[in-house]
Amino acid sequence: MNTKTTAQHFFLQVGALVSLYAGVGALLNLLFRVINVAFPQVGARGLYSYFYSGGSISLPIATLLVAFPLFLVLSAIIQKSFVTDPNLREGGLRKVLLYFTLFVAGAAIAGDLITLIYFFLDGRDITVAFSLKVLSILVVTGGIFGYYLSDLRGRLTSQSRNIWRVFAILLILVSIILGFVVIGSPRTQRMLRYDGEKITDLQGIQGQILSYWQNKGILPKTLDEMKDSLSYYTVPVDSQTQVQYSYKVLNQNSFELCADFNKASPSDLAAYPSSYSYGYGRNGENWQHEAGRQCFERTIDSQLYPVRLK
């Protein structure tokens, strides 16, 4: 066996291992996000629970669509190399990588079971979401452990390898479909991202109006009055329509801001893309909205926001 063959086999083995780990991480990430949305945590921090549950499935799905096919291709090339040179199957590199993979998968299974037993003994609620996450880890890592243990013992045939491949493909396809069904299609995610940008813009405008009030003691008649060449502040416009947001003075210290939204805001933001954030208002309730045109009325409390100059 020459040096060229050894180097080629080394990078094939490492590449297959890296793509496997990337795919497994993405698959579990996707499953956890779907579970978090389908079974939201009771007593979660309302809208801010999004930051702890995760929302967008774009990255894990993109990773899966690249890493898993790459793993299959590299694995097929490796199996062909074993036919050309049977000695590679018994090589030290292959066994080290197989044992390492078994160790990682076994550690993940053990940690998963320890967590389950600990929650039970500690008297904690075993929720549906928690149970599904435990099951997801057991199925994914258990499948990897079983596959590579059989491979290490030489029990895998061409037929059994195909069965494992079909099982893995079906698991990934079902997970992706569930992700789109529970969280939404790419188009839905895009619409939600637009809505998130609108909320962020309205929050910024509201903050600028409060600053204007505290500095001058009156509300601006129009949004254009807040433009400031010294601070380089520019009133944002709706990124989807390129139209300025609606602003109206209601009375001496009250105003409203309006925007057109694509979707109604969910209860916990778990379906929103990672760029969607809320602020200005306890648990974000002041920025809840339905689909279509939504106006937010605001009344400035002079004690909370006293006028600095009179």
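Predicted model: local features only at pLDDT ≥ 70, side-chain atom pairs only at ≥ 80, totals over all residues.

Trainee: Is Lys 198 buried or exposed?
Mentor: Lys 198 is part of helix H7, which covers residues 186-216. Buried requires a relative accessible area under 20%. The relative accessible area of Lys 198 is 2%, so this residue is buried.

Trainee: Which residue joins its side chain to that of Lys 198 in a polar contact?
Mentor: Beyond four places in sequence, Lys 198 touches several residues, including Tyr 245, Asp 260 and Asp 238. A polar contact of 3.5 Å links the side chain of Lys 198 to that of Asp 238.

Trainee: Which residues does one network of salt bridges join with Asp 151?
Mentor: Asp 151 forms a salt bridge with Arg 94, with the closest N and O atoms 2.9 Å apart. This pair links helix H5 to helix H4, 57 residues apart. A second salt bridge, at 3.1 Å from N to O, pairs Asp 151 with Arg 161; Asp 151 lies in helix H5 and Arg 161 in helix H6, so parts ten residues apart in sequence are tied together. Through shared partners, the network joins Asp 151 with Arg 94 and Arg 161.

Trainee: How many charged residues are in the lining of the second largest pocket?
Mentor: The second largest pocket holds about 250 Å³ of space, and 15 residues line it. Helices H1, H5 and H6 each supply at least two residues of this lining. By class, the lining has 13 nonpolar residues, two polar residues and no charged residues.

Conventions:
Residues numbered from 1 in each chain as written. Heavy atoms only, no water. Helix = DSSP H or I, 4+ residues; strand = E, 2+ residues; numbered from the N terminus. Buried < 20%, exposed > 50% of the residue type's maximum accessible area, 1.4 Å probe, protein only. Polar contact = N/O pair within 3.5 Å; in protein donor to acceptor, adjacent residues only side chain to side chain. Contact = heavy atoms within 4.5 Å. 1 Å grid on protein atoms, 1.4 Å probe; cavity = no way out; pocket = protein on both sides within 12 Å on 5 of 7 lines; lining within 4 Å. Points joined across faces, edges and corners; volume = space filled by probe spheres on them. Nonpolar A, V, L, I, M, F, W, Y, C, P; charged D, E, K, R; others polar. Salt bridge = Lys/Arg side-chain N within 4 Å of Asp/Glu carboxyl O.
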